[in-house]
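Biologist: I have a model open on my screen and would like to learn how to read its features. Could you take me through a few of them?

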Amino acid sequence: MEAKPKRSFKRPFAFPKNCVYRPLRQISNMERNLKLPAERPTYFTLNAPPSLVPAKKYSDISGLPAPYADPHTKLRFANADEYASMQHMPSDIINGYLTVRGYTSAVG
């Protein structure tokens with residue numbers, strides 16, 4: 001049975017023996033020398049492929065996670081109180097919320 005390594009407060013993290021530490025400068029030099037294709041993402045490219053995780057949706061009114069959306073106004077809401085307050089909003093306020101979110105309607 002192998003004893004666990006003793007941790008100290010002065011050095012709380014130690015790299016494993018089989019792990020190779022490379023500073024960022026060394027990684028950038030390696031990527032420059034490899035001559036990778038332009039479409040392959042690296043540490044320094046901004047054009048990475050899109051995420052496979054779906055984007056989180058937040059309420060337009062409160063900013064809380066919003067599992068619901070009003071089919072008529074397309075506003076997202078988190079609870080029944082927000083939905084009740086949305087029913088009495090004028091259309092210019094609703095359009096303002098949609099503009100801030102960046103929603104563009106496919107029709108019209």
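Modeller: Tyr68, Phe77 and Tyr83 form one aromatic cluster. This is a predicted model, where local features need pLDDT of at least 70 and side-chain atom pairs count only at pLDDT 80 or more, while totals for chains, interfaces and linings use all residues. Residues are numbered from 1 along each chain as its sequence is written, and side-chain values use heavy atoms, with hydrogens and water left out.

Biologist: How many aromatic pairs does a search of the whole structure find?

Modeller: Rings of Phe, Tyr and Trp (its six-membered ring) pair if their centres lie within 6.5 Å; planes under 30 degrees apart count as stacked, over 60 as edge-to-face and the rest as tilted. Searching the whole structure gives 2 aromatic pairs. Tyr68 and Phe77 have ring centres 5.6 Å apart and planes at 25 degrees, so that pair is stacked. For Phe77 and Tyr83, the centres are 4.9 Å apart and the planes at 40 degrees, so this pair is tilted.

Biologist: Is Phe77 buried or exposed?

Modeller: Buried means under 20% relative accessible area, exposed over 50%, and partly exposed in between (1.4 Å probe, protein chains only). Phe77 is buried, because its relative accessible area is 10%.

Biologist: Which residues make up the largest nonpolar core?

Modeller: In soluble globular proteins, nonpolar side chains tend to be buried together. A nonpolar core is a set of buried Ala, Val, Leu, Ile, Met, Phe, Trp, Tyr and Cys residues joined through side-chain atoms within 4.5 Å. Here the largest has 6 residues: Leu75, Phe77, Met86, Met89, Ile94 and Leu98.

Biologist: Where is the salt bridge, and which side chains meet in it?

Modeller: A salt bridge is a side-chain nitrogen of Lys or Arg within 4 Å of a carboxyl oxygen of Asp or Glu. The structure holds 1, in which the side chains of Asp60 and Arg101 meet at 3.1 Å, N to O. Asp60 is buried at 14% relative accessibility, whereas Arg101 is partly exposed at 26%.
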